[in-house]
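Student: I have not seen this structure before. Could we go through it by question and answer?

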Amino acid sequence: MNRVDDLIKKYDGQASWLVMLLQDIQTEYNYLPAQAIEHVATKLNIPITRVHNVATFYSSFSLNERGKHIIRVCDGTACHLRSADNIRNEIKRQLGIKEGQTTPDKKFTLEVVACLGVCALAPVITVNAEYNGNMTPEKVRDVLAQYD
Amino acid sequence: MTKLTSVVELEAYRAGLTAGDKTRPCVTICGGTGCRANAGLQVAQMFRNMLKAKKLDEKVDVRTTGCHGFCERGPLVVLLPKGLLYISVRPNDVEEIIATSIEGDGTIERLAYKLPGAKERIFRESEIPFYAHQRRIVFANSGKIDPTNIDDYLAVGGYSSLAKALTTMEPDQIIDWIEKSCLRGRGGGGFPTGRKWRACRNAEGYPKYIICNGDEGDPGAFMDRSIMEGNPQSILEGMAIGAYAIGSDQGYIYVRQEYPLAVENLRIAIKQAQEHQLLGQNILGTDFSFTVHISRGAGAFVCGESTALIASIEGFSGEPRAKHIHMSEKGLFAKPTNLNNVETWANVPVIIDKGWKWFADIGSDNSKGTKVFSLVGKVRNTGLIEVPMGMTLREIIFDIGGGVAKNRQFKAVQTGGPSGGCLPASELNLSVDFDQLAAVGSMMGSGGMIVMDDRTCMVEVARYFTEFLSRESCGKCTACREGIMRMYELLENITTGRGTIEDILLLEEVSAYVRENSICGLGKSAPNPTLSTLKYFREEYIAHIEQRRCPAGVCKELTTFRIDPETCKACGKCIRACPVEAITGQKKMPHVIDEDKCVKCGACREICPFDAVTIL
């Protein structure tokens, strides 16, 4: 938990920075390990229920291990109207997983985001930090093939 | 970076900037997230590499700028000072652009905009209808500056308003100007900004906090994203002026987690402003100090609500609080707090610079100034636009937006995000401002404007928004937590063929209950999508219930696709588009859909050039 201690120090041990502290921990481990949550509660001297409350309230946090590549399908209004459902279903079909799940080989995790704010290119998905706009079900295979 | 310890030093520094030379050749490439997603950065890099190779890099600047707004046609390249606009530029177009329009005096037709059906190309941004009808005040400089270089902002006059405020105006006078300008909150609430500032100034307590709400959770809205990414300094300058007027020295900008580029550009902007002593301690050598922190959201729509946002900054889950004690008295950390939206803050330097009267002369009776809208959905010209308040829906959607995409029929326009409503064609002559749309059951909201065509099912739209709200409810109020879920279940039943007429009455009854018994805006406005679609599109609900039919062909259980053998030209496009190989047909034989395999995705109907795919 040395890395967690460094991050806690970065925020001066202040509980008001809890949300951003957890984000940094998730960036480090790719999810929020239970051990890290306990450690934060102890070091910040706040109830573990509060840390759990925050970790489960905000949708970007994951308490389960995630895959190497995070696929986010935008489900904003513009993407929804341009049949983002079809893209999502095609990804689910090809990878054999549902929303929020990770492939058995831990390569891909599928998440749904309320809106990425790139509405002119709807429907949009991101894989890690890369944006893919004007998606169609046909393009899914090629997009996913870019990732090892 | 040079510390600027007086207004004289600031002006001397500004005069020395080459970026201020308007005659100097410059290639500007839009660097907003939208154009980046379309290889915009590769285009910019190609320009840099090629100009350097041709030894032109000393004479011609290359600048990756903030959002130009014409997102449908990105990547966008504007050659200054000519003002020549090229659209949909690919990296391998760059060589030709340099040869023809930078080294030479020519233009490239195929990269210039033309109106649908017209022959002539339009080369100047200002002559394209999309831009010509706009009035860009908040976005005036986004397309000219590199948001990661404060000197560009200084070169176009940045921070002269803060200098003016700090050295020639008293705090009360500043608040007076904001009040007289009639600036109202741009986040959707429309509360008079000057009144809010005055209340916070008069409140007792120290420190006082200034907050910028950059949560922008409405799906389909990206105005604030573009301001934060494209001109972050304008927000900082506005906040500093507000802090001086109110008596605050601490500010927070709350940015939603889904906007990483906005967070990064704001971080750079704060750092650079501090290095110039335009932020931080003793700004411009005065007694006034103002420090700004960035706080990130983590994926919660409700955190756009001001009390939930404050809870998030304090390190808690985003549960709103009842507002019988105003934020201006006790807000963040129980101290007097003034919270405003990104676009509201960006308007402040303009009002101080040009005066309150100039601002109050723009717009309609009760809604002054301009509003930025994200025009998206089934419209030809999707993108960001800024127009005076009071422009009609018709002018926005048809004159600027270019009308409905693919020549389909207009059905509705949705504004105000999940808190708003849908308006049909009969309401297109309404003026867009704070009051007129609200009077008919919708609202202007934060600026998301979503155009829908005849292939949009309005019942499904209500279901979509209600599901969204049910997921995003913080859970505190029983009416919101349970009521919206029940509404969603009723709408789900209707869209899957299990609805009854009593369901409509129940929806209306639960709507009233949710509205009256929720403490925050999420719950209070949650019934709006359902109630507005029931008001204007009731017959669609009836069709789903009584005929078990979805007239728009969207609700899968109530739709069967069929290819009309008379219209089918056997081109094969649908066969290739079908993700489950449900269509068969040889050349010159009408194609056929196997209904057992069909997953009702509608891809065949979308792609058919002859409209041969019909709904039974």
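Student: Which residue stands opposite A:Ile71 in β2(A)?
Tutor: This is a predicted model, in which local features need pLDDT of at least 70, side-chain atom pairs count only at pLDDT 80 or more, and totals for chains, interfaces and linings use all residues. Residues are numbered from 1 along each chain as its sequence is written, while chains are lettered from A and ligands numbered from 1 in the order in which they are written. Strands (E, at least two residues) and helices (H or I, at least four) are DSSP runs numbered from the N terminus. In β2(A), the residue opposite A:Ile71 is A:Leu110.

Student: How many bridges join β1 of chain A to β2(A)?
Tutor: Two strands pair if DSSP finds at least two bridges between them. Strand β1 of chain A covers residues 69-74 and runs parallel to β2(A). The number of bridges joining them is six.

Student: What is the order of the strands in the open sheet of chain A, and why is one side of β2 and of β4 left without a neighbour?
Tutor: The sheet has four strands with mixed pairing. Strands β2 (108-113) and β4 (130-132) of chain A stand at the edges with a single partner strand each, so one side of each has no neighbour in the sheet. On average, neighbouring strands are turned by 20° against each other, direction ignored. The order is β2-β1-β3-β4.

Student: Which helix of chain A packs on the sheet?
Tutor: Contact here means that C-beta atoms, placed from the backbone, lie within 7 Å. The helix touches β1, β2 and β3 (125-127) of chain A, and its direction makes about 150° with that of β1(A). With residues 84-95, this is helix α6.

Student: How far apart are the axes of α1 and α2 of chain A?
Tutor: Axes are lines fitted to C-alpha atoms, for helices over the stretch in contact, and angles run from 0 to 180 degrees between N-to-C directions. Helix α1 (residues 2-10) and helix α2 (residues 18-29) of chain A pack at about 150°. A:Arg3, A:Val4, A:Leu7 and A:Ile8 of α1(A) meet A:Leu21, A:Asp24, A:Ile25 and A:Glu28 of α2(A). The distance between the axes is 10 Å.

Student: Is strand β8 of chain B mostly covered or mostly open, and how many of its residues are buried?
Tutor: A residue is buried if 20 or more other C-beta atoms lie within 10 Å of its own, exposed if 12 or fewer, and partly exposed in between, with C-beta atoms placed from the backbone. B:Thr337, B:Leu339 and B:Asn341 are buried on one side of β8(B), and B:Asn338 and B:Asn340 on the other. The strand (residues 337-341) is mostly covered, and its buried residues number five of five.

Student: Which residue stands opposite B:Asn338 of β8(B)?
Tutor: Strand β5 (residues 209-214) of chain B pairs with β8(B) in the parallel sense over five bridges. The residue opposite B:Asn338 is B:Ile210.

Student: Why is helix α9 of chain B largely enclosed, and which elements do its buried residues pack against?
Tutor: Seven of the 10 residues of α9 (193-202) of chain B are buried, so the rest of the structure largely encloses this helix. Among the buried residues are B:Trp197 and B:Cys200. They pack against α8 (171-181), α11 (232-246), β8 and α14 (342-354) of chain B.

Student: How many residues does chain A give to the contact with chain B?
Tutor: Chain B gives 43 residues to this contact. On the side of chain B, the largest share, three residues, comes from β9(B). The number from chain A is 34.

How values were computed
Contact = placed C-beta atoms within 7 Å.
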